Amino acid sequence: MNSRVSHIVVVDDEHDVRTVLSDALRQIGYTVTPVSTGEELYAADNVDLAVIDLRLNNEDGLQLARQLRENSDIPIMMLTGKGDETDRIIGLEVAADDYMMKPFNLREFTARINALLRRSQNAGTKRVSVETNETVYQFDDWTLYLSRRLLQHADGRTPELTYGEFSLLEAFISSPQRVLTREHLMERTHGYDSDSLDRTIDVLVVRLRRKIECNPRIPRLIKTERGLGYCFDASVTKFAPQSH
């Protein structure tokens, strides 16, 4: 059994913020490395999750998250300040799995970190499952191999899905042709409830559409139900493992 404690790196150029966040995460059992630069982040070993402030003094936190995402699939939590709505949405669209706006409640912060790590670890467990016992979903021209988290198009393309995007697609294909509220999707993808002003699901939908829709601007698969939520408008066929 692997009993290694999850390692979190907190990237923030404010010493007090680094200290508070690091202490809160250590109190619930994580190994934490507080740093102020991207160079220090990249120097850290065996990182399981990164918390990155959007606005760092000498570098762009968004660009740092982009670079990290290109080289790693670990969960990324972005921290933003008030008034950074546009930057926050861009950050989620490009790289991050979740965000929080300063100032925030430490209990909610640790709950979201727990949810990101739990989802990441569950996905890792699925990846090592025996492929012959794999559940497979087919919709439109796509095939989703659940345990491997592999999405493949009929033409051979295999777009990379972040943990949030994969969880969202899994929620959709589990309930096709049904209207799903943002609150329900937030619970399925992040493991906690959220208020109606949280745009995380909207941004995840935009990201997923870019990867599975022929024309993301005129989506055929993920339909917006105004005032309600979203509907996955596709026929889904499930192939479950055979029992012997």
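Student: In this predicted model, which residues does Leu169 touch, not counting residues up to four places away in sequence?

Tutor: Leu169 touches Phe139, Leu144, Leu151, Leu161, Leu208 and Phe232, where contact means heavy atoms within 4.5 Å. Leu169 also belongs to the largest nonpolar core, which has 26 residues, and is listed there with Phe139, Phe172, Ile222 and Phe232 as having the most contacts inside it. The largest share of this core, 6 residues, comes from H6.

Student: Why are H6 and H8 called roughly perpendicular to each other?

Tutor: Helix H6 (residues 163–174) and helix H8 (residues 200–212) pack at an angle of about 85 degrees, with their axes 10 Å apart. Angles of 65 to 115 degrees count as roughly perpendicular, and H6 and H8 are therefore described in that way.

Student: What makes up the contact of H6 with H8, by class?

Tutor: On the H6 side are Gly164, Glu165, Leu168, Leu169 and Phe172, which meet Leu204, Val205, Arg207, Leu208 and Lys211 in H8. By class, this contact has 6 nonpolar, 1 polar and 3 charged residues.

Student: Why do strands S9 and S10 stand at the edges of the sheet?

Tutor: The open sheet of 3 strands has the order S9-S11-S10, with antiparallel pairing. Strand S9 (179–181) and strand S10 (222–225) each have a single partner strand, so one side of each is left without a neighbour in the sheet.

Student: How do you know that S10 and S11 count as paired?

Tutor: At least two bridges between two strands are required, and S10 and S11 pair in the antiparallel sense over 4 bridges. Within this arrangement, Lys223 stands opposite Cys231 in S11.

Definitions and conventions:
Residues numbered from 1 in each chain as written. Predicted model: local features only at pLDDT ≥ 70, side-chain atom pairs only at ≥ 80, totals over all residues. Heavy atoms only, no water. Axes fitted to C-alpha atoms, helices over the stretch in contact; angles between N-to-C directions. Helix = DSSP H or I, 4+ residues; strand = E, 2+ residues; numbered from the N terminus. Parallel < 35°, antiparallel > 145°, perpendicular 65-115°, else oblique. Nonpolar A, V, L, I, M, F, W, Y, C, P; charged D, E, K, R; others polar. Core = buried A, V, L, I, M, F, W, Y, C linked by side-chain atoms within 4.5 Å. Buried < 20%, exposed > 50% of the residue type's maximum accessible area, 1.4 Å probe, protein only.
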